[in-house]
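Biologist: I am new to this structure and would like a close look at one part of it. Please take me through the side of one chain that touches the other, and a residue in that chain.

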Amino acid sequence: MRLEKCWFCSSTVYPGHGIQFVRNDAKIFHFCRSKCHKNFKMKRNPRKVKWTKAYRRLHGKDMTQDSTFEFERKRNRPERYDRNLAENTLKAIKKIDKIRSDRASDHIKNRLKTGKVQRQKEARKQLELGIHLVKAPLALAQDSSLCLPKIKVNVSQAQTEENQPMED
Amino acid sequence: MVQYNFKKITVVPNGKDFIDIILSRTQRQTPTVVHKGYAISRLRQFYMRKVKYTQQNFHEKLSTIIDEFPRLDDIHPFYGDLLHVLYNKDHYKLALGQINTARNLISKIAKDYVKLLKYGDSLYRCKSLKVAALGRMCTVIKRIGPSLAYLEQIRQHMARLPSIDPNTRTMLICGYPNVGKSSFMNKITRADVDVQPYAFTTKSLFVGHTDYKYLRYQVIDTPGILDRPFEDRNIIEMCSITALAHLRAAVLFFLDISGSCGYSIAQQAALFHSIKSLFMNKPLIIVCNKTDLQPLDGISEEDRKLVMEMKTEAMKTVIGQGGEPTNEEGVLLTMSTLTEDGVIAVKNAACERLLNQRVELKMKSKKINDCLNRFHVALPKARDQKERPACIPQAVLEAKAKQAAEKEKRKTEKELEDENGGAGVYSASLRKNYILANDEWKEDTMPEILDGHNVYDFIDPDILLRLEELEREEGLRQAEEEGDDFEMDGQELSLEEQEALAEIRKKKSLLIQQHRMKKSTAESRPVVPRKFDTDRKFTTRRMGRQLSSLGLDPSLAISRARSKSRGRKRERSVDKREGDGRDAMDIDDNQASKKLRLRSTSRSRSLSRPPGEVIPGEGLKDSAQKIKAIKLAKKSVLKRNKNARRGEADRVIPTLKPKHLFSGKRSIGKTQRR
């Protein structure tokens, strides 16, 4: 019993799920669900379909090269059973998994950092340009701090209205 | 000698059927239509043809019958005698003779009537001649009806006779009834003869085939023979006698040692002596059957003596056949068909004896040279005295010896299974022969899947080392990461700034929303609204609120707006009329207006604005422009109103086809088109 990788989206296919397609040249394609299978039948290239792992790796959204990937390699020759080795392997798998997911999330965080800087710059600019919508330049000249003025309505006939919303 | 194939004789039809067949054929195959007015020669010809045709058919069919049935003198005497035994030669010949006479009679009849027909003078006469001829022929056939039936029966029986080739190697099995002849037959050949406890189970000859030294031997099983004078024998026994008499075969005389057939050895010996004349020139073997019930050594003295007598007789045949010195084993043999003890030996001995005899005969005959190659196998002459046995490598011999030993020692899994309760109860432990470093691990189950990974993919003898390295690396990397994180925090906005930014964004999004709402209806709305400020939202209050939210003082702006706006009051029109800077608050004026009010009972309407007055916010330049706009609007509505249309889009046609337009003549003029 083996867990396979879906050919289209690269998610794991557990036993009892999905479809295996064998082509006439004896190449086997595993699919995790009918969504991937139908996409394949439509001859879509997974490298161009945004939500697949293939796209994400190709366009640098996800981590591609790492030493943690070398631990998992398909072995064709079975090894003789050794209880200690089996125990160690099981413990190691958990640790390797943790390290790998940490590294992957760091990769994404770094990727998103540059966007953050840019956005901050943009925000500053917007503030500068659009301050006249919330504080009149005259008021700004008098009081150069950025605290917003409160609404005061001085109308001779009507009563003072406090806490009016700005729009009608 | 003509070869007859008994199975290919055509069916002999019944008397009545025969007549029907021939007559219907005549009717179908000859012309049927004839009229009184034909020429006489034509009429004669017509009927002559019918008569001749019928005669010819009868002749043909009867000839085939006569030819296909075998002539008893012409076939092999074995078959001749067999047929005689079964069907009686005389009856047979008589039947065929009758058929022959019938044939001749029919020919004569036909000849006579054709002669008469030549002189027939009318249709009626020719017809009756023809009827008479056909009638007589049919009577002849009717008379031979019984013969035809008899021949049909014979034909059916003959087709079922066993196909015995009288010339090939044959073995004949004979003896008293119930001695075990048919059982022996079943054992050595593939024939499936009935074996039953009662006598005369086998009623006719049966043939089987067996092989010996790559040659095929016919084995014939006969019905049992009783010891009776020749004349008293019945048909069944006669079959076997015939076979014995005519076939050149090896004879196996069966003897029942135990006497369970119901006849003693003495009786059987008596039979033997009475038919020994039939054993001339045939290799004879005496077979003692049923030794499981009574071994040969256990019989009484007298019986033994009888048996020895028979043996000496049999020996005579051996000696008579060409001087082989006394080969005792080939003459008297014991066996038991039940235990199959000695059956093969008997068969081999019989085949051997027969083969030798036939070979001898062939050697003595003139045709020896033709078949010499079948007897003699040439072997190469030895070149020198060196022995050259077959070459088997030593390893193979050792392996064979070991294999043999192993087979006996090991306890198989199947035996284990049987011991522990059979197939459904015991399930074999497939792991018990595993070769592992520690035997305790044999029953371990290792998980194949963990957390979405295949465990087998991770197995590696030095996985611990690599894991350590990895963890070290990871430690280093994490330290680096933290260093990097501290750099970034300089440029964030302060709380105030964030609030301001949020407000700006909110305002902007509202503006955008409003614009979108307006935009979506722009296509269906005129660009200039009908009336400025329909919702009445442009008030000073609102203005004041908005200005103060921006941080400006709105009071000045409000008062200015108020002063500029115009209220709809009477004073306005009063001002216009007088206009000299009069004080609006003059009492007289008030009084004057009061008077006006008191006097006029007719309530004039409240003064509306004059038609051409421009209201600010409307979008028109001056009074002239507004008047022109009003005119244009009225003009566009005029035509519609005259057509009683409710609006621009009203295209209703109350009657689609008014009758007066689509029908009716004209008093003057044409109605070529409507």
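Modeller: A polar contact is a pair of N or O atoms within 3.5 Å; within protein, one must be able to donate a hydrogen and the other to accept it. In this predicted model, a polar atom of the A:Ser105 side chain lies 2.9 Å from the backbone oxygen of A:Asp102. A:Ser105 belongs to helix α3 of chain A, which covers residues 83–130. Its relative accessibility is 39%, so A:Ser105 counts as partly exposed. Between A:Ser105 and A:Met63 there are 8.7 Å in space, C-alpha to C-alpha, although the two are 42 residues apart in sequence.

Now the interface. In chain A, 71 residues are in contact with 62 residues of chain B. About 6,600 Å² is buried between the two chains, with 59% of it on carbon and sulfur atoms. On the chain A side, A:Phe71, A:Tyr81 and A:Leu133 lose the most area to chain B, together 10% of what that side buries.

The rule finds 17 residue pairs in polar contact across this interface, along with 7 salt bridges. A:Arg2 forms a salt bridge with B:Asp457, where the closest N and O atoms are 3.0 Å apart. On the side of chain A that touches chain B, the elements giving two or more residues are α3 and α4 (137–142). The largest share, 27 residues, comes from α3(A). By class, that side has 31 nonpolar, 15 polar and 25 charged residues.

As for confidence, the predictor gives the complex an ipTM of 0.79 and a pTM of 0.45. Chain B has an average pLDDT of 84, and 88% of its residues score at least 70. Over residues 571–582 of chain B, the pLDDT is below 50.

Key: Residues are numbered from 1 along each chain as its sequence is written. Chains are lettered from A and ligands numbered from 1 in the order in which they are written. This is a predicted model: local features need pLDDT of at least 70, side-chain atom pairs count only at pLDDT 80 or more; totals for chains, interfaces and linings use all residues. Side-chain values use heavy atoms; hydrogens and water are left out. pLDDT is the predictor's confidence in each residue, from 0 to 100. Contact means heavy atoms within 4.5 Å. Helices (H or I, at least four residues) and strands (E, at least two) are DSSP runs, numbered from the N terminus. Buried means under 20% relative accessible area, exposed over 50%, partly exposed in between (1.4 Å probe, protein chains only). Buried area is the accessible area (1.4 Å probe) that two parts lose on being put together, summed over both. A salt bridge is a side-chain nitrogen of Lys or Arg within 4 Å of a carboxyl oxygen of Asp or Glu. Ala, Val, Leu, Ile, Met, Phe, Trp, Tyr, Cys and Pro count as nonpolar, Asp, Glu, Lys and Arg as charged, and the others, Gly among them, as polar.
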